[in-house]
Amino acid sequence: MSTLHLVRQSAFATNDFAQCLSVLDHQDSIVLMDDGCYNLKHSLMDSLIKRVDGTLSINVITRHAQARAIEISAAVQHIEMSDVVELTFNHTKVITWQ
Amino acid sequence: MTSSYTQEKNDLPPSNGLAIINSKAPFSSNHGKDALDVALIFGSFEQKVSLFFQGDGVYQLIADQDARLVSIKDYLKTFSAFEFYDIEDIYVCQQSLVNRQLEEKFHIGDVQVLSSIEFGLALNRHQHVLRF
Amino acid sequence: MKTLAVVVTTPPYSHLTISALTYVEAALVAGINVIGVFFYQDGAMHANKDISIASDEYQAIEHWQRLNKEYQLPLHICITAAEKRGIACDSIDNDQVNEAFTVSGLGELVELTTKAARLVQF
């Protein structure tokens, strides 16, 4: 039982990302997309990266980050939308935080 | 209704129904009502549906509200019909209540107040999740 | 067979809809059986023929129509959500409803959810 979390909002604007993190399980994966990419620079991300124990994966849609001039970070995986489709079926369900 | 789905369902992992996360306060947007409509239709099709209240969504459960004072149809009253739709699993995030200085005083019964970890585990028991 | 149902709640002029379209197209290209897209809340506005978006902007509705044609992708709009947003669905001709879309009720969402291995909301 693992969940794919699609995070589409900036944590500087809404609590969606914080709510996502509060139910996050260690086998889950996160995809930052749309304004969710801004979370790469949020303090919640720093604490999340410290929490990551190797099983949880954090991904960002490269194009969505590049479009927003967000610096590419080595702490997260860079993926395309086709990878999100694959992740959809590698997890048992998907929750969209928007 | 259900028999026509049996064939397809055999190919799927065991279904544990739909979880609906309510994340918005009740009155300034349509999200609460739109989520309620989805919950009731699943109930009337005898499909398992559970309701989760998190963040500002917890305001939808708080007692003594009166939508009529702000000219809004009081859809929260319909929550009392959940048992007739076999909607039995209603979960609220304790931390969200605490953050908002809210007591565990709700306008419907049988609400389960869960810690963040329990809330996440309860969500995990469902096959699909929608969030409003 | 991997089956997928998608719920779209954002309107055709929202840039969030572009991600929904990109995702659904990526799924179709990957050979996923997308059994239907259900347009709920502001998503129902996609079926409104009278919506006109400047030609140099992203044409979400045209892209849904294209996916419907190329992949026979079923596109369902929620009748209650549509009527609330000024799309007349009850006339016999349904003049205002884009032909690529099927006028459905929330019962269709129940059916899609029951049949799909995954449900993804945008």
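Reader: In chain B, what share of the contacts with a separation of 6 or more comes from residues 24 or more positions apart?

Author: That share is 73%. Keep in mind that this is a predicted model.

Reader: How many helices and strands does chain B have?

Author: Chain B has 4 helices and 5 strands. Read from the N terminus, the order is α-β-α-β-β-α-β-α-β.

Reader: And what percentage of chain B counts as buried?

Author: 37% of its 132 residues.

Reader: Switching to the contact between chains A and C. How many residues does each chain put in?

Author: Chain A gives 13 residues and chain C gives 13 residues.

Reader: Which elements of chain A each supply at least two residues there?

Author: α4 (81–90) and β5 (93–97) of chain A do. The largest share on that side, 6 residues, is from α4(A).

Reader: How does the chain A side split by class?

Author: It has 6 nonpolar, 4 polar and 3 charged residues.

Reader: Now chain C. At what angle do α1 and α2 cross?

Author: The axes of α1 (residues 16–29) and α2 (residues 60–71) of chain C cross at roughly 15 degrees and come within 10 Å. Angles under 35 degrees count as roughly parallel, so α1(C) is roughly parallel to α2(C).

Reader: Left-handed or right-handed crossing?

Author: α1(C) passes α2(C) in a left-handed crossing.

Reader: Which residues make the contact?

Author: From α1(C), C:T17, C:I18, C:L21, C:V24, C:E25 and C:L28. From α2(C), C:A60, C:H63, C:W64, C:L67 and C:Y71. By class, the residues of this helix contact are 8 nonpolar, 2 polar and 1 charged.

Key:
Residues numbered from 1 in each chain as written. Chains lettered and ligands numbered in written order. Predicted model: local features only at pLDDT ≥ 70, side-chain atom pairs only at ≥ 80, totals over all residues. Contact = placed C-beta atoms within 7 Å. Nonpolar A, V, L, I, M, F, W, Y, C, P; charged D, E, K, R; others polar. Axes fitted to C-alpha atoms, helices over the stretch in contact; angles between N-to-C directions. Parallel < 35°, antiparallel > 145°, perpendicular 65-115°, else oblique. Left-handed = near helix turned anticlockwise from the far one by under 90°. Buried ≥ 20, exposed ≤ 12 C-beta atoms within 10 Å, placed from the backbone.
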